[in-house]
Amino acid sequence: TPKGTCLESVKIAIDTGYRHIDGAFVYYNEHEVGQAIREKITEGKIKREDIFYCGKLWNTCHPPELVRPTLEKTLKILQLDYVDLYIIELPMAFKPGDAIYPKDENGKFIYHETDLCATWEAMEACKDAGLAKSIGVSNFNRRQLEMILNKPGLKHKPVSNQVECHPYFTQPKLLEFCRKHDIVIVGYSPLGTSRDETWVNVSSPPLLKDPVLNAIGKKYNKTAAQVALRFSIQRGVVVIPKSFNPQRIRENFQIFDFSLTEEEMKEIEALNKNVRYVELLM
Ligand code: A2P
(Lines give C-alpha, C1' and ligand atoms only; values in the text may rest on other atoms or scores of the structure.)
Protein backbone atom coordinates (compact mmCIF):
# COMPACT_ATOMS: atom_id res chain seq x y z
CA THR A 1 0.00 0.00 0.00
CA PRO A 2 1.49 3.39 -0.94
CA LYS A 3 2.06 5.50 2.17
CA GLY A 4 -1.05 7.39 3.27
CA THR A 5 -3.46 5.64 0.90
CA CYS A 6 -4.84 3.41 3.58
CA LEU A 7 -5.17 6.29 6.06
CA GLU A 8 -7.21 8.32 3.56
CA SER A 9 -9.31 5.35 2.45
CA VAL A 10 -10.27 4.37 5.99
CA LYS A 11 -11.21 7.96 6.81
CA ILE A 12 -13.40 8.18 3.69
CA ALA A 13 -14.92 4.80 4.54
CA ILE A 14 -15.80 5.91 8.07
CA ASP A 15 -17.31 9.15 6.75
CA THR A 16 -19.31 7.09 4.24
CA GLY A 17 -20.74 4.91 7.00
CA TYR A 18 -18.52 1.82 7.11
CA ARG A 19 -17.89 0.57 10.64
CA HIS A 20 -16.41 -2.90 10.09
CA ILE A 21 -12.73 -2.70 9.19
CA ASP A 22 -10.85 -5.83 8.23
CA GLY A 23 -7.12 -5.61 8.87
CA ALA A 24 -4.06 -7.71 9.57
CA PHE A 25 -0.50 -7.32 10.72
CA VAL A 26 0.70 -8.73 7.39
CA TYR A 27 -1.03 -5.97 5.44
CA TYR A 28 1.62 -3.63 6.89
CA ASN A 29 -0.83 -0.76 7.14
CA GLU A 30 -2.32 -1.29 10.59
CA HIS A 31 -0.61 1.90 11.80
CA GLU A 32 -2.58 3.88 9.21
CA VAL A 33 -5.85 2.12 10.02
CA GLY A 34 -5.34 2.88 13.72
CA GLN A 35 -4.52 6.50 12.94
CA ALA A 36 -7.65 6.88 10.79
CA ILE A 37 -9.86 5.44 13.53
CA ARG A 38 -8.27 7.61 16.21
CA GLU A 39 -8.55 10.76 14.08
CA LYS A 40 -12.24 10.09 13.46
CA ILE A 41 -12.77 9.57 17.21
CA THR A 42 -10.98 12.85 17.98
CA GLU A 43 -13.11 14.62 15.36
CA GLY A 44 -16.20 13.35 17.19
CA LYS A 45 -17.42 11.51 14.10
CA ILE A 46 -17.45 8.14 15.88
CA LYS A 47 -16.80 6.54 19.24
CA ARG A 48 -14.44 3.62 19.63
CA GLU A 49 -17.37 1.31 20.30
CA ASP A 50 -18.91 2.19 16.91
CA ILE A 51 -15.99 0.55 15.14
CA PHE A 52 -15.63 -3.18 14.59
CA TYR A 53 -11.96 -3.88 13.93
CA CYS A 54 -10.83 -7.36 12.96
CA GLY A 55 -7.15 -8.26 13.36
CA LYS A 56 -5.40 -11.49 12.38
CA LEU A 57 -2.86 -13.88 13.85
CA TRP A 58 -0.26 -14.66 11.19
CA ASN A 59 1.13 -18.16 10.42
CA THR A 60 4.50 -17.56 12.10
CA CYS A 61 2.78 -16.84 15.43
CA HIS A 62 0.79 -20.01 16.07
CA PRO A 63 2.77 -21.37 19.04
CA PRO A 64 0.47 -20.60 22.00
CA GLU A 65 3.07 -18.55 23.87
CA LEU A 66 3.31 -16.17 20.87
CA VAL A 67 -0.40 -15.47 20.50
CA ARG A 68 -0.92 -12.84 23.19
CA PRO A 69 2.36 -10.95 22.51
CA THR A 70 1.42 -10.88 18.80
CA LEU A 71 -1.98 -9.40 19.52
CA GLU A 72 -0.38 -6.92 21.92
CA LYS A 73 1.97 -5.87 19.12
CA THR A 74 -1.00 -5.26 16.82
CA LEU A 75 -2.72 -3.19 19.54
CA LYS A 76 0.42 -1.15 20.00
CA ILE A 77 0.60 -0.47 16.24
CA LEU A 78 -3.10 0.44 16.12
CA GLN A 79 -2.82 2.39 19.39
CA LEU A 80 -6.07 0.83 20.51
CA ASP A 81 -6.88 -1.05 23.72
CA TYR A 82 -8.68 -3.96 22.12
CA VAL A 83 -9.73 -5.43 18.80
CA ASP A 84 -13.34 -6.39 18.27
CA LEU A 85 -12.42 -9.63 16.57
CA TYR A 86 -9.14 -11.53 16.45
CA ILE A 87 -8.88 -14.44 14.06
CA ILE A 88 -6.39 -17.15 13.13
CA GLU A 89 -5.61 -16.04 9.57
CA LEU A 90 -4.79 -19.49 8.17
CA PRO A 91 -4.89 -22.98 9.61
CA MET A 92 -1.26 -23.76 8.65
CA ALA A 93 1.72 -22.69 10.75
CA PHE A 94 5.07 -21.38 9.50
CA LYS A 95 8.37 -21.45 11.34
CA PRO A 96 8.33 -18.61 13.92
CA GLY A 97 10.77 -15.77 13.33
CA ASP A 98 11.19 -12.49 11.51
CA ALA A 99 10.57 -13.94 8.04
CA ILE A 100 6.85 -13.66 7.28
CA TYR A 101 7.19 -16.27 4.53
CA PRO A 102 10.04 -18.48 5.79
CA LYS A 103 11.49 -20.54 2.93
CA ASP A 104 14.30 -23.06 2.63
CA GLU A 105 17.14 -22.93 0.07
CA ASN A 106 14.84 -24.60 -2.49
CA GLY A 107 12.20 -21.92 -2.08
CA LYS A 108 9.85 -24.21 -0.17
CA PHE A 109 7.85 -22.90 2.79
CA ILE A 110 9.17 -23.93 6.17
CA TYR A 111 6.19 -25.12 8.14
CA HIS A 112 5.99 -25.57 11.88
CA GLU A 113 4.35 -28.24 14.00
CA THR A 114 1.78 -26.68 16.27
CA ASP A 115 -1.49 -27.90 17.64
CA LEU A 116 -4.29 -25.68 16.34
CA CYS A 117 -6.27 -26.49 19.49
CA ALA A 118 -3.44 -25.12 21.64
CA THR A 119 -3.36 -21.98 19.48
CA TRP A 120 -7.10 -21.71 20.00
CA GLU A 121 -6.73 -21.94 23.79
CA ALA A 122 -4.30 -19.01 23.62
CA MET A 123 -6.89 -17.11 21.56
CA GLU A 124 -9.47 -17.85 24.27
CA ALA A 125 -7.10 -16.38 26.86
CA CYS A 126 -6.85 -13.16 24.78
CA LYS A 127 -10.63 -12.85 24.88
CA ASP A 128 -10.71 -13.51 28.61
CA ALA A 129 -8.06 -10.82 29.09
CA GLY A 130 -10.25 -8.33 27.19
CA LEU A 131 -7.74 -7.81 24.38
CA ALA A 132 -10.21 -9.18 21.84
CA LYS A 133 -13.97 -8.92 22.25
CA SER A 134 -14.53 -11.96 20.04
CA ILE A 135 -12.36 -14.63 18.47
CA GLY A 136 -12.67 -16.50 15.22
CA VAL A 137 -10.83 -18.17 12.38
CA SER A 138 -10.16 -17.76 8.69
CA ASN A 139 -9.62 -20.14 5.79
CA PHE A 140 -10.75 -23.06 7.93
CA ASN A 141 -12.52 -25.97 6.28
CA ARG A 142 -15.19 -28.04 7.96
CA ARG A 143 -12.72 -30.59 9.37
CA GLN A 144 -10.60 -27.85 10.95
CA LEU A 145 -13.68 -26.15 12.41
CA GLU A 146 -14.85 -29.45 13.85
CA MET A 147 -11.50 -29.95 15.47
CA ILE A 148 -11.98 -26.72 17.43
CA LEU A 149 -15.70 -27.25 18.09
CA ASN A 150 -15.04 -30.74 19.46
CA LYS A 151 -12.03 -29.75 21.53
CA PRO A 152 -12.43 -31.04 25.09
CA GLY A 153 -12.93 -28.10 27.46
CA LEU A 154 -13.72 -25.60 24.69
CA LYS A 155 -14.37 -22.26 26.38
CA HIS A 156 -15.27 -19.98 23.48
CA LYS A 157 -16.21 -21.24 20.05
CA PRO A 158 -15.17 -19.36 16.89
CA VAL A 159 -17.79 -16.70 16.17
CA SER A 160 -16.80 -16.40 12.53
CA ASN A 161 -14.87 -17.99 9.69
CA GLN A 162 -13.48 -15.66 7.05
CA VAL A 163 -13.25 -17.39 3.67
CA GLU A 164 -13.43 -16.51 0.00
CA CYS A 165 -17.10 -16.10 -0.93
CA HIS A 166 -18.84 -14.47 -3.92
CA PRO A 167 -21.17 -15.44 -6.79
CA TYR A 168 -18.49 -17.58 -8.51
CA PHE A 169 -17.53 -19.31 -5.25
CA THR A 170 -20.64 -19.49 -3.10
CA GLN A 171 -19.48 -22.04 -0.49
CA PRO A 172 -22.88 -23.76 -0.13
CA LYS A 173 -21.68 -26.64 2.06
CA LEU A 174 -19.47 -24.60 4.38
CA LEU A 175 -22.19 -21.97 4.67
CA GLU A 176 -24.73 -24.56 5.77
CA PHE A 177 -22.31 -26.11 8.27
CA CYS A 178 -21.44 -22.71 9.74
CA ARG A 179 -25.10 -21.68 9.94
CA LYS A 180 -25.85 -24.83 11.91
CA HIS A 181 -23.09 -23.95 14.37
CA ASP A 182 -23.87 -20.25 14.59
CA ILE A 183 -20.59 -19.29 12.95
CA VAL A 184 -20.81 -16.19 10.76
CA ILE A 185 -19.19 -16.46 7.34
CA VAL A 186 -17.22 -13.35 6.44
CA GLY A 187 -16.65 -13.39 2.70
CA TYR A 188 -13.36 -12.07 1.41
CA SER A 189 -12.84 -11.14 -2.25
CA PRO A 190 -16.59 -10.43 -2.49
CA LEU A 191 -15.97 -8.59 -5.79
CA GLY A 192 -13.79 -11.32 -7.24
CA THR A 193 -10.64 -9.57 -6.00
CA SER A 194 -7.99 -7.95 -8.21
CA ARG A 195 -6.32 -9.52 -11.26
CA ASP A 196 -2.90 -9.75 -9.66
CA GLU A 197 -1.31 -12.86 -11.13
CA THR A 198 1.15 -13.20 -8.25
CA TRP A 199 -1.61 -14.45 -5.96
CA VAL A 200 -4.84 -14.57 -7.95
CA ASN A 201 -5.97 -17.37 -10.24
CA VAL A 202 -6.64 -15.26 -13.33
CA SER A 203 -7.75 -18.24 -15.41
CA SER A 204 -11.16 -17.76 -13.77
CA PRO A 205 -13.05 -14.98 -15.61
CA PRO A 206 -13.47 -11.59 -13.90
CA LEU A 207 -16.58 -11.66 -11.72
CA LEU A 208 -17.65 -8.07 -12.35
CA LYS A 209 -17.87 -8.68 -16.13
CA ASP A 210 -20.51 -11.33 -15.56
CA PRO A 211 -23.54 -10.74 -17.85
CA VAL A 212 -26.11 -11.87 -15.26
CA LEU A 213 -24.77 -9.53 -12.56
CA ASN A 214 -24.67 -6.67 -15.06
CA ALA A 215 -28.17 -7.33 -16.39
CA ILE A 216 -29.65 -7.47 -12.89
CA GLY A 217 -27.72 -4.33 -11.99
CA LYS A 218 -29.20 -2.50 -14.96
CA LYS A 219 -32.71 -3.23 -13.70
CA TYR A 220 -31.98 -1.51 -10.37
CA ASN A 221 -29.61 1.14 -11.71
CA LYS A 222 -26.78 -0.55 -9.82
CA THR A 223 -23.38 -1.86 -10.84
CA ALA A 224 -22.33 -5.51 -10.99
CA ALA A 225 -20.23 -4.84 -7.87
CA GLN A 226 -23.27 -3.61 -5.95
CA VAL A 227 -25.30 -6.63 -7.06
CA ALA A 228 -22.51 -9.02 -6.00
CA LEU A 229 -22.31 -7.39 -2.54
CA ARG A 230 -26.09 -7.29 -2.14
CA PHE A 231 -26.29 -10.99 -3.08
CA SER A 232 -23.86 -11.91 -0.30
CA ILE A 233 -25.45 -9.84 2.45
CA GLN A 234 -28.89 -11.07 1.45
CA ARG A 235 -27.75 -14.67 2.06
CA GLY A 236 -26.26 -13.72 5.41
CA VAL A 237 -22.63 -13.50 4.35
CA VAL A 238 -20.69 -10.52 5.72
CA VAL A 239 -18.76 -8.71 2.97
CA ILE A 240 -15.43 -6.92 3.20
CA PRO A 241 -14.92 -5.24 -0.19
CA LYS A 242 -11.53 -3.61 -0.68
CA SER A 243 -11.11 -0.32 -2.49
CA PHE A 244 -8.66 2.55 -2.35
CA ASN A 245 -10.79 4.59 -4.72
CA PRO A 246 -13.11 7.14 -3.01
CA GLN A 247 -15.85 6.79 -5.60
CA ARG A 248 -15.83 2.99 -5.42
CA ILE A 249 -15.65 3.05 -1.61
CA ARG A 250 -18.90 5.03 -1.68
CA GLU A 251 -20.40 2.87 -4.44
CA ASN A 252 -19.80 -0.30 -2.43
CA PHE A 253 -21.81 1.14 0.46
CA GLN A 254 -24.90 1.94 -1.64
CA ILE A 255 -26.38 -1.51 -1.31
CA PHE A 256 -29.03 -1.02 1.34
CA ASP A 257 -31.62 0.74 -0.82
CA PHE A 258 -32.60 -2.18 -3.04
CA SER A 259 -33.13 -5.91 -2.74
CA LEU A 260 -32.89 -8.89 -5.04
CA THR A 261 -35.90 -11.12 -5.65
CA GLU A 262 -35.84 -14.81 -4.79
CA GLU A 263 -35.52 -15.67 -8.51
CA GLU A 264 -32.60 -13.26 -8.92
CA MET A 265 -30.90 -14.77 -5.87
CA LYS A 266 -31.30 -18.22 -7.43
CA GLU A 267 -30.05 -16.99 -10.78
CA ILE A 268 -26.92 -15.58 -9.13
CA GLU A 269 -26.43 -18.68 -6.99
CA ALA A 270 -26.39 -20.70 -10.22
CA LEU A 271 -23.29 -18.77 -11.33
CA ASN A 272 -21.21 -20.72 -8.78
CA LYS A 273 -18.19 -22.26 -10.51
CA ASN A 274 -16.65 -23.77 -7.39
CA VAL A 275 -13.38 -22.14 -8.41
CA ARG A 276 -11.34 -19.96 -6.08
CA TYR A 277 -9.55 -16.80 -7.13
CA VAL A 278 -7.31 -17.06 -4.08
CA GLU A 279 -5.87 -20.56 -4.17
CA LEU A 280 -3.59 -20.28 -1.12
CA LEU A 281 -1.20 -22.85 -2.52
CA MET A 282 0.74 -22.88 0.75
P1 A2P B 1 -9.74 -0.30 -6.32
O2 A2P B 1 -9.04 -0.38 -4.98
O3 A2P B 1 -8.95 0.43 -7.34
O4 A2P B 1 -11.16 0.19 -6.20
P5 A2P B 1 -12.25 -7.61 -3.53
O6 A2P B 1 -12.93 -6.72 -2.54
O7 A2P B 1 -13.12 -8.69 -4.07
O8 A2P B 1 -10.94 -8.13 -3.03
O9 A2P B 1 -11.92 -6.72 -4.83
C10 A2P B 1 -11.02 -5.69 -4.76
C11 A2P B 1 -10.68 -5.21 -6.15
O12 A2P B 1 -11.85 -4.70 -6.82
C13 A2P B 1 -9.68 -4.10 -6.16
O14 A2P B 1 -8.86 -4.27 -7.30
C15 A2P B 1 -10.54 -2.84 -6.27
O16 A2P B 1 -9.83 -1.82 -6.91
C17 A2P B 1 -11.69 -3.32 -7.12
N18 A2P B 1 -12.98 -2.67 -6.81
C19 A2P B 1 -13.44 -2.31 -5.60
N20 A2P B 1 -14.68 -1.83 -5.68
C21 A2P B 1 -15.03 -1.87 -6.99
C22 A2P B 1 -16.20 -1.50 -7.72
N23 A2P B 1 -17.26 -0.99 -7.12
N24 A2P B 1 -16.18 -1.69 -9.06
C25 A2P B 1 -15.12 -2.21 -9.68
N26 A2P B 1 -13.99 -2.58 -9.05
C27 A2P B 1 -13.94 -2.43 -7.72
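**Salt bridges and a parallel sheet**

Asp15 is partly exposed, with a relative accessible area of 38% (buried means under 20%, exposed over 50%, partly exposed in between, with a 1.4 Å probe and protein chains only). This is a predicted model: local features need pLDDT of at least 70, side-chain atom pairs count only at pLDDT 80 or more, and totals for chains, interfaces and linings use all residues. Residues are numbered from 1 along each chain as its sequence is written, and side-chain values use heavy atoms, without hydrogens and water.

Asp15 and Lys40 form a salt bridge, 3.0 Å from N to O (a side-chain nitrogen of Lys or Arg within 4 Å of a carboxyl oxygen of Asp or Glu). The pair links distant parts of the chain: Asp15 sits in helix H1 and Lys40 in helix H2, 25 residues apart (helices are DSSP runs of H or I, at least four residues; strands are runs of E, at least two; both are numbered from the N terminus). Lys40 is buried, at 4%.

Glu176 also bridges to Lys180, at 3.9 Å. Both lie in helix H6, 4 residues apart, about one turn of the helix. Lys180 is exposed at 65%. The whole structure holds 14 salt bridges.

Now the sheet. Its 7 strands run E1-E2-E3-E4-E5-E6-E7, open and with parallel pairing (a pair needs at least two DSSP bridges). E1 and E7 stand at the edges with a single partner strand each, so one side of each lacks a neighbour in the sheet. Strands E5 and E6 are joined by 5 bridges. Ser160 has Val184 as its bridge partner in E6.
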